[in-house]
Structure formats: C-alpha cells, structure tokens
Amino acid sequence: MKQYGAEFLGTFWLVLGGCGSAVLAAAFPNVGIGLHGVALAFGLTVLTMAYAIGHISGCHLNPAVSVGLWAGGRFPASKLFPYIVAQVLGAIVAGGVLYVIASGAEGFDVSKGFASNGYGAHSPGGYSLLAALVSEVVMTMFFLLVILGATDKRAPAGFAPIAIGFALTLIHLISIPVTNTSVNPARSTGVALFVGDWAVGQLWLFWVAPIAGALLGAVTYRFIASEES
C-alpha cells in the first residue's frame, strides 16, 4: 500500500505543479512564466518526486511509464493496475485542488481549457489529429528510452532523476504547441474531467498514444541495450 500511496502523492504533485503552473502562472500579467516556465515546472515535479519517492515506488507517476517499464521487464504485471489506479486518482484530486484555487479568481472560466490536452481546434497551435498522435507517440517513446537508460544498472548511479526531469522539460518545450503535451494519461485525465465536453471527448488519444509510445520505447530499448552483440 505504501507504494500506491507514493504514486498517488507523486502524481498529485505532478499535476498540481505542472498543470498548476499553466493555469495560474503561465500568462500572469507582466511576470507570467510562459511556455518555458511550464515546461520547466513539469520537469521539476518529476525531478523532485524521483528523489522523494523513487526509493518507495520507483516514481512512475504515469500509466504509460508503468506500462513501458512492464514491457521493458522492469515492473511486475501484478502491480500494473493498482499503480495506474493510484496515479489517476492522484491526478483527479490534484485537478480538484487546482480547480478550487483557480476558481477563486474573478473571471475564471474552466471551458477555456484548464491545461487540458487537445488536437484540432483545441490544439494550442491548431495541429491536426495526426500531428497530435505522432507527437504523443514519439515523445513518449523517447521519454521511456531516457527512463530505461538512466535507470539501467550500467548507468551512472544517482543521476537518473536529473536526466528524466530534463527529458520531460525538453518534451514540453517541443510539444506544448501541438497538444499542450500529455505523454501521461493520468495528467490528461486529471484536468479533462473538470472541463468535460471536448476535453473528455478527445481524452482517448491521450491514453492510446502515450501507451503506444511507451511500448515502442520499451521494445526499442530492450533491443539497443541488449548485451548480446
């Protein structure tokens, strides 16, 4: 149970920190943190939690990561479903806390997006469904490559959280304009449920694409990292 609790808290922090920076601070008048700040915030949530709970649960914070680690031979199938449930619940609770905070400002309108992921008319840059699909699959694939490589027993010890946090920052710098960056079905679900409407209607993509990308990343890493020549 401690592992599941750690995943709940870690995913809560990721959604509150990452989505919270987008909703509350990205466009704050005169001193808003913008795209760069939001990207860094997501990376920092993973970096800080990796050091805080990595030794307890592995700090997945993401159903796609859990699936990828399972496919990569690093995680038992018996824990996969409970981990995903804990992650999604943590994301939803964080979405609720963020909603309470954000709605305390005059003029708040959750229908404007609430940091939800989208494509087409709901993509920040107006990118198509195909562009969004490719972006989410490729970004999650490389995220898993970094995670599996940085946590490999042959990698330098102690630096994995830094590599993983910077990787997530880079992913956001690339893909926020395309989908608002998911690479994490729990993160997408945690805010989409409060928007409803289009955000829930497009949520399927942000489950399918990250999980597909994670599986590709796991298979690819197992191939390139094999000690057989």
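How many aromatic pairs does the structure hold? The structure holds eight. An aromatic pair is two rings of Phe, Tyr or Trp (its six-membered ring) with centres within 6.5 Å; planes under 30 degrees apart are stacked, over 60 edge-to-face, and the rest tilted.

1. The basis. This is a predicted model: local features need pLDDT of at least 70, side-chain atom pairs count only at pLDDT 80 or more, and totals for chains, interfaces and linings use all residues. Residues are numbered from 1 along each chain as its sequence is written, and side-chain values use heavy atoms, leaving out hydrogens and water.

2. Y4 and Y83. Their ring centres are 5.7 Å apart and their planes stand at 90°, so this pair is edge-to-face. Y4 sits in helix α1 (residues 2-25) and Y83 in helix α4 (residues 80-102), so the pair ties together parts 79 residues apart in sequence. Helices here are DSSP runs (H or I, at least four residues), numbered from the N terminus. Y83 is buried at 1% relative accessibility. Y4 is partly exposed at 22%. Buried means under 20% relative accessible area, exposed over 50%, and partly exposed in between (1.4 Å probe, protein chains only).

3. F108 and F114. This aromatic pair is also edge-to-face, at 6.1 Å centre to centre and 70° between the planes. F114 is buried, with a relative accessible area of 6%. F108 is partly exposed at 27%.

4. L133. This residue lies in helix α5 (residues 129-150). L133 is partly exposed, with a relative accessible area of 32%.

Terms used:
Helices (H or I, at least four residues) and strands (E, at least two) are DSSP runs, numbered from the N terminus.
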